[in-house]
Every structure is written in C-alpha cells, then in structure tokens.
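Have a go at each task before you read its solution.

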Amino acid sequence: MNRPTPKHTAPDLKFPLLGGNQWVLADQNPDNFTLVVFYRGLHCPLCKKYLQQLQELLPEFEQRGVNVLAVSMDTEKRARLSRQKWELSNLTLGYGLSEKSARDWTLYLSAGVKDGEPSEFSEPGLFLIDNSNQIYYSAINSNPWGRPYLPSFVKAVDYIVQSGYPARGEML
C-alpha cells in the first residue's frame with residue numbers, strides 16, 4: 001500500500017461539507033498550504049478540544065495562506081451535532097469520509113467498543129498539503145492523543161514559508 005509521502009502527490013480526497021458543498025482536494029488553490037485534520041468523530045472528547053483549538057487559530061492560519069478543514073467518517077447528522085455541541089461555527093467541517101479514503105490516507109481504523117461510538121471510525125491524522133497538491137507534512141495517530149500541538153504548528157508554517165524549508169521524509 002502506498003502511503004501519503006512528502007514531495008509526492010496527495011491521494012485523492014473528496015467528501016461532503018456541512019452546508020451542502022462537495023470538497024475536493026484537487027480543486028484547492030491555497031496561497032501556501034491546505035491543512036486537513038482527520039478526527040475521530042462526535043464521540044471523542046479529545047477531538048472536541050483539538051477542533052476548538054483549531055478554530056481559535058483559524059485567523060492565524062488564514063493570515064499565513066493556509067486553508068483549514070476537518071473531516072471524519074461521521075454521518076451528516078453526527079457532524080452537525082459536533083458543530084453545534086462543540087461550537088465550531090467557523091471551522092469548515094466535512095463528514096462521510098469513506099473507508100477507502102481513510103485507508104488511502106493510511107489512517108488507523110478502529111471498531112466501536114463503547115456506547116456512542118460508531119461501529120467503525122478513523123483515528124486522527126493531520127496533513128499539510130502544499131499548493132501544488134503534494135504532501136508537505138503528515139502525522140498519523142493510532143489513538144486520540146499525541147497529535148501535533150497546533151500553536152507551534154502555526155509557528156512552523158511561518159518558518160517553512162519564510163525560510164523556504166523543504167518537505168522532508170520523501171524517500172520511500
């Protein structure tokens with residue numbers, strides 16, 4: 001299986017957004033990067049905190065030419081509940097990520113074991129994709145903890161853009 005690798009074209013990615021539009025990675029045209037955050041879903045309190053922090057940092061990412069969105073395998077109904085209960089009115093939120101897409105992005109998949117969990121969901125992942133649709137950075141987690149610290153990630157984008165720092169980890 002190929003994995004998303006820096007300096008290589010990102011796998012296809014498309015899914016519906018709350019609000020009725022379809023989001024397609026290949027159609028994106030950011031000034032610098034697209035930041036895709038895969039989250040576990042409504043059942044995850046750590047995702048709630050992470051996405052709330054991401055929303056707080058949206059203006060900083062936008063100032064740096066980074067388009068930001070989050071997506072899960074949740075249904076539209078569950079995604080709407082996440083938006084409402086977690087107060088994510090400003091964050092672009094996708095839903096209905098397919099199992100195939102989750103696998104294409106090499107996300108870990110888990111079976112629901114507790115009340116409130118869907119029967120299957122993806123574990124977290126964070127990808128920074130450059131404006132030529134190539135992977136710049138990836139972080140894939142097998143559990144809800146250990147994700148990149150978002151405030152320092154904003155500073156990393158500053159450094160990347162200002163210094164022209166190349167993507168690393170491209171050797172397969």
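**Exercise 1.** Work out how strand E4 and E5 pair.

Strand E4 (residues 66-71) runs parallel to E5, and three bridges join the two. Strands here are DSSP runs of E, at least two residues long, and helices are H or I runs of at least four, numbered from the N terminus; two strands pair if DSSP finds at least two bridges between them. Zoom in, and you'll find Ala70 opposite Leu93 in E5.

Before you go on: this is a predicted model, where local features need pLDDT of at least 70 and side-chain atom pairs count only at pLDDT 80 or more, while totals for chains, interfaces and linings use all residues. Residues are numbered from 1 along each chain as its sequence is written, and side-chain values use heavy atoms, with hydrogens and water left out.

**Exercise 2.** Find what H5 touches on the sheet.

H5 packs against E3, E4, E8 and E9 (contact means heavy atoms within 4.5 Å), and its direction makes about 20° with that of E8. Axes are lines fitted to C-alpha atoms, for helices over the stretch in contact, and angles run from 0 to 180 degrees between N-to-C directions.

**Exercise 3.** Is Phe153 buried or exposed?

Start with its place: helix H5 (residues 150-163). Next, its relative accessible area is 9%, so Phe153 is buried; the cut-offs are under 20% for buried, over 50% for exposed and partly exposed in between (1.4 Å probe, protein chains only). Finally, leaving out residues up to four places away in sequence, Phe153 touches several residues, including Phe61 and Tyr137.
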